[in-house]
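Biologist: Please show me how to read a structure like this one, feature by feature.

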Amino acid sequence: MKTLRKIVEIDHELCDGCGNCVPSCAEGAIEIRDGKAVLVAERYCDGLGACLGDCPTGALRVIEREAEEFDEEAVEEYLAEMESRDKEFEAASPGGCPSARPVTLARSPEAGVSCAEANKPVSRGGEDSALSHWPIQIRLVPPTAPFLKGADLLVAADCVPVAYPSFHRDFLKGRVVLLGCPKFDDTDEYVRRFKEIFQQGQIRSVTVLDMEVPCCSALPAVVRKGAEAAGKAIPIEDVVIGRGGEILERRRIAS
């Protein structure tokens, strides 16, 4: 049933798809589709506008119009469904997020080596792989790692290397890669880590690879916030990868 009430309106001309508004909506009423923020359903939006302050382009505003009534019960069911999907995903992935599983490079650590020892920064080369360093997880790479000095960074969501078949050839070669998951990890911790990396690493450029799914859309904003916090003007390019392995969008982000 529709009624005259306040609801969030999204100007798609102004929206740059940064994803800042997604985690700000406690009801889960906003997601990123085709590079733009959209309302999942009118009944999920309470019209309070908690998301407005996180929009850098002013694309969000609260208006009064006829819309479906806000349904708190439907919101709870929707959020419970999303949480259930997350739990099913975690249950299907031993040890939690698949990105936490150990990986073996050409030379694997000897048995009995501690985790801290195994994750010390090292450099390596090879003809089959474009990976030149270890570790690669955002949370594990120390801001003082030597391979960060003057580097071109490749910040990729965990799922990208699996979805995009030519990841090494098209994106990884010549870049220092950092992997992470903005859905399962602490994005505030990410911002602090990138701030330190940008302050100490003399980073030349950043390419962000994120998936088309809503939980990935916050990654470019996290990198941009880290650069801003560090007071650095660094060229940042965002590349959105589709679940079918295609490049959906490329755009420059002002840092």
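Biologist: Which strands does helix α7 lie across?

Modeller: Helices (H or I, at least four residues) and strands (E, at least two) are DSSP runs, numbered from the N terminus. Here helix α7, residues 219–230, lies across β7 (152–157), β9 (205–211), β10 and β11. Helix α7 runs at about 155° to β9; axes are lines fitted to C-alpha atoms, for helices over the stretch in contact, and angles run from 0 to 180 degrees between N-to-C directions. Contact means heavy atoms within 4.5 Å.

Modeller: This is a predicted model, where local features need pLDDT of at least 70, side-chain atom pairs count only at pLDDT 80 or more, and totals for chains, interfaces and linings use all residues. Residues are numbered from 1 along each chain as its sequence is written, and side-chain values use heavy atoms, with hydrogens and water left out.

Biologist: What pLDDT does the protein average?

Modeller: pLDDT is the predictor's confidence in each residue, from 0 to 100. The protein averages 83, and 82% of the residues score at least 70. Over residues 92–112 the pLDDT is below 50, and this stretch has 16 contacts in the model beyond near neighbours in sequence. Where pLDDT is low, the predicted coordinates should not be read in detail.

Biologist: In what order do the strands of the open sheet come?

Modeller: Strands of a sheet pair through backbone hydrogen bonds, either parallel or antiparallel. Two strands count as paired if DSSP finds at least two bridges between them. The open sheet has 5 strands in the order β8-β7-β9-β10-β11, with mixed pairing. β8 (176–180) and β11 (247–253) are at the edges with a single partner strand each, so one side of each has no neighbour in the sheet. From one strand to the next, the twist averages 20°.

Biologist: How many bridges join β7 to β8?

Modeller: β7 and β8 run parallel and are joined by 5 bridges; Gly180 in β8 stands opposite Ala157.

Biologist: Why is β8 largely enclosed by the rest of the structure?

Modeller: Buried means under 20% relative accessible area, exposed over 50%, and partly exposed in between (1.4 Å probe, protein chains only). In β8, 5 of the 5 residues are buried, so the strand is largely enclosed. In a regular strand the side chains alternate between the two faces of the sheet. From β8, Val176, Leu178 and Gly180 point one way, while Val177 and Leu179 point the other way.

Biologist: Is Arg251 buried or exposed?

Modeller: Arg251, in strand β11, counts as buried because its relative accessibility is 14%. Its contacts, leaving aside neighbours within four places in sequence, include Asp16, Gly17 and Pro220. Ala229 in helix α7 is partly exposed, since its relative accessible area is 40%. Ala229 is in contact with Lys195 and Gln199, again leaving aside neighbours within four places. Ala229 and Lys195 are 34 residues apart in sequence, and their C-alpha atoms are 5.8 Å apart in space.

Biologist: Which peptide bond is cis, with omega near 5°?

Modeller: Most residues other than glycine have a negative phi, and most peptide bonds are trans. The bond from Trp134 to Pro135 is cis, and Pro135 sits in the loop between β6 (133–134) and β7.
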